Amino acid sequence: MLQGHLNIETAMPIEAGENPDALFDLGVLFASGRGAPVDLIAAHKWFNLAALKGRTDAIAYRRELAELMSADEIAVAQREARAWISSH
């Protein structure tokens with residue numbers, strides 16, 4: 001069990017872009033608030049990226065989050081996903 005806090009921005013031991021499971025795990029982390037504050041925009045972004053990389057169960061999680069988010073929040077999450085793709 002993790003004791004302490006993870007810095008999500010710097011603590012990525014593998015290239016997440018090559019591993020849909022790592023992207024999915026980041027979505028779970030931000031959606032659940034375990035180890036990081038709940039951030040639905042970030043969770044949606046990571047589930048979206050995981051789905052694009054073939055993690056089909058991420059689609060349902062992304063859809064569930066979208067029901068809790070405003071259209072503006074979803075748009076931000078999608079922009080962040082596109083930005084992440086273009087930088088990786």
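Aspartate 39 caps the N-terminal end of helix α2, with a side-chain oxygen lying 3.2 Å from the backbone nitrogen of isoleucine 41. This is a polar contact (a pair of N or O atoms within 3.5 Å; within protein, one must be able to donate a hydrogen and the other to accept it, and residues adjacent in sequence count only if both atoms are side-chain atoms). Helices are DSSP runs of H or I with at least four residues, numbered from the N terminus.

The model is predicted: local features need pLDDT of at least 70, side-chain atom pairs count only at pLDDT 80 or more, and totals for chains, interfaces and linings use all residues. Residues are numbered from 1 along each chain as its sequence is written, and side-chain values use heavy atoms, with hydrogens and water left out.

**Helix α2**

Helix α2 has 13 residues and reaches 18 Å from its first C-alpha to its last. That span is close to the 18 Å expected at 1.5 Å a residue, where the expected value is 1.5 Å times one less than the number of residues. Of the 13 residues in α2, 10 are buried (under 20% relative accessible area; exposed is over 50%, partly exposed in between, with a 1.4 Å probe and protein chains only). Among them are His44, Lys45 and Asn48. The buried residues of α2 pack against α1 (20-32), α3 and α4, contact being heavy atoms within 4.5 Å. Just after α2, glycine 54 takes a positive phi of about 110°.

**Aromatic pairs**

Rings of Phe, Tyr and Trp (its six-membered ring) pair if their centres lie within 6.5 Å; planes under 30 degrees apart count as stacked, over 60 as edge-to-face and the rest as tilted.

| Pair | Centre to centre | Angle between planes | Type |
|---|---|---|---|
| Tryptophan 46 and tryptophan 84 | 5.6 Å | 75° | edge-to-face |
| Phenylalanine 47 and tyrosine 61 | 5.3 Å | 25° | stacked |

Tryptophan 46 in α2 and tryptophan 84 in helix α4 (residues 71-87) are 38 residues apart, and their pair links distant parts of the chain. Tryptophan 46 is buried at 6% relative accessibility, and tryptophan 84 is buried at 11%.

Phenylalanine 47 lies in α2 and tyrosine 61 in helix α3 (residues 57-66), so their pair ties together parts that are 14 residues apart in sequence. Phenylalanine 47 is buried at 1% relative accessibility, whereas tyrosine 61 is partly exposed, with a relative accessible area of 39%. Phe24, Phe47 and Tyr61 form one aromatic cluster.

Terms used. Helix = DSSP H or I, 4+ residues; strand = E, 2+ residues; numbered from the N terminus.
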